[in-house]
Amino acid sequence: MRYPLFAAVAALTLTPAHAETLVVLAPDYFGSNWGPGPAIKEGFEARCDCTLEYRTGDVLPRLMLEGARLEADVVIGLNTDTTLRARGTGLFAPHGQDLAPLTVPIDWEDDTFIPFNWGYLAWVYDRTRLDDAPTSFAELLEREEISLLWQDPRSSASGLALMLWVDEVFGDAASDVWRNLAARTVTVTAGWSESYGMFSAGEADMVLSYTTSPAYHIVAEDDDSKAAAIFDEGHYFTAEVAGVLAGAANPDLARDFMAYLLSREFQEMIAYANWSYPAALPREDWPEVMRDLPFPDTAIFLGEDEAEARRGAALEVWLEGMTR
Amino acid sequence: MTSASRRARLLALGFGGGVATWLVVLNFGALGAVVWRAEGFSALRSADLAAVRFTLVQALWSAALSVALAIPIARALARRQFRGRALLITLMGAPFILPTLVAVLGLLAVFGRSGLINQGLEALGLARFNIFGLHGVVLAHVFYNLPLATRILLQGWAAIPAERFRLAATLGFGPRESFRQLEWPMIRELAPGAFLVIFLICLTSFSVALTMGGGPRATTVELAIFQAFRFDYDMGRAAALALVQFALCASAGVIAWRVALPAAMGGGMDRPVQRFDAGGTGLRLWDGALIVAGALFLLVPLGMLVARGAPHMAGLPPEVWHAAGRSLTVALGATAITLGMTLALAHAVLALGGGRGAMLEWLGLAALAASPLVIGTGLFLLIRPLANPRDFALAITMLVNAGMALPFALRLILPGLRAELATHGRLSDALGLHGLARLRIVTLPRLRRPLGFAAGLTAALSMGDLGVIMLFAEREGATLPMQLYRLMNAYRQDDAAGAALVLLGASLALFVVFDRWGRGRAGT
């Protein structure tokens with residue numbers, strides 16, 4: 001062909017199918033085939049007659065660094081601990097959805113962000129190595145022989161959630177709690193995967209993870225030896241949320257995507273795809289494995305303003321207690 | 001000076017200047033962009049000072065121990081010939097090219113709570129020991145850097161001309177005299193540089209220091225930078241901390257530079273070295289013990305990684321292999337760029353000479369002091385107004401990796417080039433040998449060994465690099481370390497172990513191919 005460039009441009013612009021594209025900014029793990037990314041893409045494309053394209057990377061830094069230049073319609077995968085910062089960028093538009101279908105254990109009234117799955121923070125252990133797990137945080141503090149692996153609140157979302165959990169449950173006594181934990185903490189890692197990997201290699205009795213972690217081992221590995229210790233004081237709630245960008249090239253499609261996140265079809269898929277609880281599905285409709293896992297009675301959650309107000313001082317207390 | 005040699009000098013300065021510009025952008029431009037975006041620096045806190053103190057203490061211990069242990073091990077390896085020696089030297093270099101996350105898992109399989117040693121102690125009814133703490137940080141850093149120090153010193157031993165040892169034998173030198181007259185001057189020349197490089201590597205350690213340090217007592221400056229970015233959203237403090245890190249590195253550099261002695265050795269004919277001073281049985285046993293101890297320390301953790309990953313390699317998902325291919329491309333590209341940049345910079349350093357040459361040399365080492373997080377963020381800020389970084393994520397990764405590997409390559413190649421100039425410079429000039437012809441006929445053959453080693457190191461290091469690509473990469477651009485991380489984050493520990501082994505194997509293979517090429521014709 002004599003005009004290859006012209007032909008290429010023509011071929012691109014004249015392709016009739018998939019006229020619209022929804023660009024979704026997502027954390028890196030959405031880009032892998034063993035995360036929820038492919039199932040979400042497939043599910044949404046089946047109902048929208050469009051193409052869903054992921055832009056993956058560190059979501060919050062991307063939002064803050066790129067600002068209005070960001071070429072995306074929707075952001076998915078922000079954690080509840082970063083919603084305040086994300087909101088503060090002023091880049092988001094109302095999601096326009098009715099939140100009545102939500103089944104999360106806290107009152108969720110937010111016209112910017114929708115939770116699409118959630119979990120409870122928990123200490124996970126191996127039944128073959130620890131046969132009587134503590135049933136309360138207080139008992140964990142008494143059982144000083146139990147060794148622990150967890151994440152640094154300065155670098156990890158789950159570490160930060162643990163810090164707020166302790167702050168909420170123990171208040172002024174938090175400093176003593178950290179000193180107690182420090183004495184039998186094997187180590188504190190920068191991210192979740194390092195400590196979970198070390199726990200799997202037998203480096204500690206318990207690891208900071210989620211109540212849903214055992215589901216992976218049961219389903220994918222046919223191994224029911226992992227369990228989460230359920231505490232009487234309640235467990236810290238974390239959720240992953242999505243929001244519509246004000247600069248979306250395709251606002252209608254973006255809102256369709258928000259509706260899809262709350263749809264029964266999506267909610268029935270997400271538990272297995274992301275090893276977490278569905279955010280808009282009654283518990284009796286959850287997959288059997290999730291439903292059968294021990295479930296905490298009480299949810300603890302500091303809203304984003306409260307968490308922001310407390311975390312500076314809480315970190316000082318943590319640092320002081322851990323390094324004394 | 002003839003016009004041809006003047007042209008060669010201008011060429012060297014021109015290419016060297018281009019490389020220097022990129023290094024300035026990479027090291028200072030990125031930091032400048034962060035400062036500009038933050039609208040200035042913010043004040044440090046008392047916890048930051050504690051981080052500075054811990055960073056210094058662990059880096060000093062790690063560098064000192066790595067070099068102190070490398071001297072006897074390299075010496076033993078240098079004066080012994082045995083079957084499998086070349087393979088052993090290659091394998092012992094492996095820990096340095098491992099991604100840190102993988103190296104830590106290998107170490108814990110030996111030294112951890114349920115590692116080999118503690119299992120042995122328990123079986124004997126003895127108390128278990130705890131690896132986490134300052135000693136754990138130092139152990140991990142020595143595990144990681146001892147191979148580098150050993151290899152740098154081994155190069156030094158190999159560079160002592162065979163004629164010297166022959167002369168020493170004629171003069172009746174025993175091991176002690178040989179050491180004082182031949183080996184110690186070489187150590188004085190190379191050890192400070194090795195110490196400096198390792199000190200700088202340990203200075204910017206973050207995840208390993210935290211994990212092996214057992215908690216927030218082991219907070220390094222790099223972690224404080226991370227915290228400033230991600231917890232406090234305070235770019236000004238991140239920039240201030242990055243400057244502190246730079247200052248620490250620069251002071252270390254000045255001290256090391258003052259301690260190092262210039263080479264005072266004449267040239268030789270590149271004959272195979274024959275050691276006349278290594279005869280005694282006691283000495284032979286001592287060397288053997290040193291080599292075995294070093295090999296055990298470095299190779300058992302690697303063996304544990306192999307044993308853990310091997311059963312899961314065959315069943316790895318195809319994405320892992322695709323990512324391995326992509327990483328291979330990045331590694332080879334970065335290697336070509338690094339070698340080109342290093343040769344250009346080294347020629348320019350020597351062409352300039354004196355203080356200005358030394359400044360250029362320091363610029364080449366500066367990337368070691370830079371915070372990867374600051375570089376990534378800064379480059380993003382610099383590039384974003386011009387283009388979308390994701391469109392050429394792999395190219396950026398190659399260039400950044402090249403900048404990060406350049407300090408090592410420069411350290412390895414510059415002394416060789418300097419020696420080449422001293423021994424063959426005048427002869428080449430007299431023969432009118434300049435430019436590419438001289439590079440091909442005189443320089444490259446004589447630099448083959450450090451070039452091969454530098455190429456192997458660069459390729460292996462960029463194979464395992466996770467650094468800046470995280471901020472740029474998109475779904476399709478995942479490298480092998482990224483896939484490894486994704487597997488770990490998706491609970492797939494077995495697949496992750498298999499992928500880690502692929503990474504280890506690929507890094508080592510790259511390293512071996514280049515390093516073997518470098519050592520191809522040498523008789524030692």
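**Briefing: domains, core and a buried strand**

In chain A, 13 residues of domain 1 are in contact with 16 residues of domain 2. The model is predicted. Strand 5 of chain A is buried along its run, with 14 of its 14 residues counted as such.

**Domains of chain A**
- Domain 1 covers 4-118 + 238-292, and domain 2 covers 120-236 + 297-323.
- Taken over C-alpha atoms, the centres of domain 1 and domain 2 of chain A lie 28 Å apart.
- On the side of domain 1 that touches domain 2 in chain A, helix 4 (83-88) and helix 12 (288-292) each supply at least two residues.
- That side of domain 1 of chain A has eight nonpolar, four polar and one charged residues.

**Nonpolar core**
- The largest nonpolar core has 266 residues, of which A:V74, B:I198, B:I225 and B:I413 touch the most other members.
- Helix 17 (residues 393-430) of chain B gives this core its largest share, 16 residues.
- Beyond its neighbours within four places in sequence, B:I413 is in contact with residues including B:T342, B:L343, B:L447 and B:A454.

**Strand 5 of chain A (residues 113-126)**
- Because 14 of its 14 residues are buried, strand 5 is largely enclosed by the rest of the structure.
- Strand 10 (residues 235-245) of chain A pairs antiparallel with strand 5 over seven bridges, and A:N117 stands opposite A:E240 there.
- Strand 11 (residues 277-278) of chain A pairs antiparallel with strand 5 over two bridges; here A:N117 faces A:P278.
- Strand 8 (residues 206-210) of chain A runs antiparallel to strand 5, joined by five bridges, with A:M206 as the bridge partner of A:Y125.
- Strand 9 (residues 226-229) of chain A is also antiparallel to strand 5, through four bridges; A:D126 stands opposite A:K226.

Definitions and conventions
Residues are numbered from 1 along each chain as its sequence is written. Chains are lettered from A and ligands numbered from 1 in the order in which they are written. This is a predicted model: local features need pLDDT of at least 70, side-chain atom pairs count only at pLDDT 80 or more; totals for chains, interfaces and linings use all residues. Domain bounds come from an automatic or database domain assignment. Two residues are in contact if their C-beta atoms, placed from the backbone, lie within 7 Å. Ala, Val, Leu, Ile, Met, Phe, Trp, Tyr, Cys and Pro count as nonpolar, Asp, Glu, Lys and Arg as charged, and the others, Gly among them, as polar. A nonpolar core is a set of buried Ala, Val, Leu, Ile, Met, Phe, Trp, Tyr and Cys residues joined through C-beta atoms within 7 Å. A residue is buried if 20 or more other C-beta atoms lie within 10 Å of its own, exposed if 12 or fewer, and partly exposed in between; C-beta atoms are placed from the backbone. Two strands pair if DSSP finds at least two bridges between them.
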